[in-house]
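Please read this briefing alongside the sequence and the 3D structure. It is arranged by topic.

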Amino acid sequence: MALQKSHRRGGHEPYQCKKKNGDHRFWLGNCAVNCYTQWFSGLSCPAWNITKNEQYKIAKRRVFRYNLIVVVEKLRDPAYVKAIEDMFGLSGITKRSVPYCERPSHKANSDYPLVIQNSTMQRLKDLNSLDITFYNQMGDCLNDLTSYNFPRWDPDRFDLGSWNWTEAVLKAKAAKESKRSKI
């Protein structure tokens with residue numbers, strides 16, 4: 001379906017809440033309108049009748065509890081990158097690897113460039129106005145800065161022996177295999 005037609009019915013097919021283990025779940029891949037507001041609020045199912053404004057308030061309250069919000073677009077600013085790297089005591093956060101489908105995606109985009117009519121763009125902006133406001137509130141405080149006063153890395157601030165999810169999964173798999181081999 002063409003993008004020009006899709007936006008006329010709200011940008012997507014009416015969202016049906018999926019269930020997992022009996023609970024309604026939000027699936028970002030199925031979302032087309034105000035997705036980040038819904039995602040961060042955790043109140044995305046239309047059957048719950050939660051207003052968009054209430055979702056927005058809850059999403060904002062939840063995100064403002066984070067100690068750090070990285071604005072991806074600011075990673076183009078070398079001073080911002082340096083401040084983030086200094087905060088965590090590391091370097092190279094903007095060094096890239098090549099994602100699996102990057103080259104074919106770029107070729108497809110150059111062979112078939114997306115042309116969006118002004119009316120469609122405006123409709124999409126209207127439909128996603130909460131997400132646009134949400135994004136602007138998260139990043140506007142950084143707009144005119146040329147330096148960033150983030151805290152610097154202090155190894156005593158963190159428990160470096162904390163639980164490692166990947167390691168725990170590998171240990172659990174090894175224990176399971178060991179148990180199977182004994183049977």
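Predicted model: local features only at pLDDT ≥ 70, side-chain atom pairs only at ≥ 80, totals over all residues.

Residues are numbered from 1 along each chain as its sequence is written, and side-chain values use heavy atoms, with hydrogens and water left out.

**Overall make-up**

- The protein has eight helices and two strands, taken as DSSP runs numbered from the N terminus (helices H or I, at least four residues; strands E, at least two).
- Along the sequence the pattern is α-β-β-α-α-α-α-α-α-α.
- Of the 183 residues, 22% count as buried; buried means under 20% relative accessible area, exposed over 50%, and partly exposed in between (1.4 Å probe, protein chains only).
- The accessible surface comes to about 14,300 Å², with 54% belonging to carbon and sulfur atoms; areas come from the Shrake-Rupley method with a 1.4 Å probe, and for residues only the protein chains shown count as cover.
- Among contacts (heavy atoms within 4.5 Å) with a separation of 6 or more, 53% are between residues 24 or more positions apart.

**Glutamate 85 in helix H4**

- Glutamate 85 lies in helix H4 and is buried, with a relative accessible area of 13%.
- Leaving aside residues up to four places away in sequence, glutamate 85 touches Leu90, Ser91, Gly92 and Ile93.

**Aromatic pairs**

- Rings of Phe, Tyr and Trp (its six-membered ring) pair if their centres lie within 6.5 Å; planes under 30 degrees apart count as stacked, over 60 as edge-to-face and the rest as tilted.
- The count by this rule is seven aromatic pairs.
- The tyrosine 80 and tyrosine 148 rings form an edge-to-face pair, because their centres are 5.2 Å apart and their planes stand at 80°.
- This pair links distant parts of the chain, 68 residues apart: tyrosine 80 is in helix H4, and tyrosine 148 is in the loop between helix H7 (129-139) and helix H8 (165-182).
- Tyrosine 80 is buried at 0% relative accessible area, and tyrosine 148 is buried at 11%.
- Tyr36, Trp39, Phe40, Tyr56 and Phe134 are linked by ring pairs into a cluster.

**Surface patch**

- Phe88, Leu90, Ile93 and Trp153 make a nonpolar surface patch of about 310 Å².
- Patches are made of residues with over 30% relative accessible area and no salt bridge; like charges are joined within 9 Å, nonpolar side chains (Val, Leu, Ile, Met, Phe, Trp, Tyr) within 5 Å.
- A salt bridge is a side-chain nitrogen of Lys or Arg within 4 Å of a carboxyl oxygen of Asp or Glu.
- Phenylalanine 88 belongs to helix H4 (residues 78-88) and is partly exposed, with a relative accessible area of 33%.
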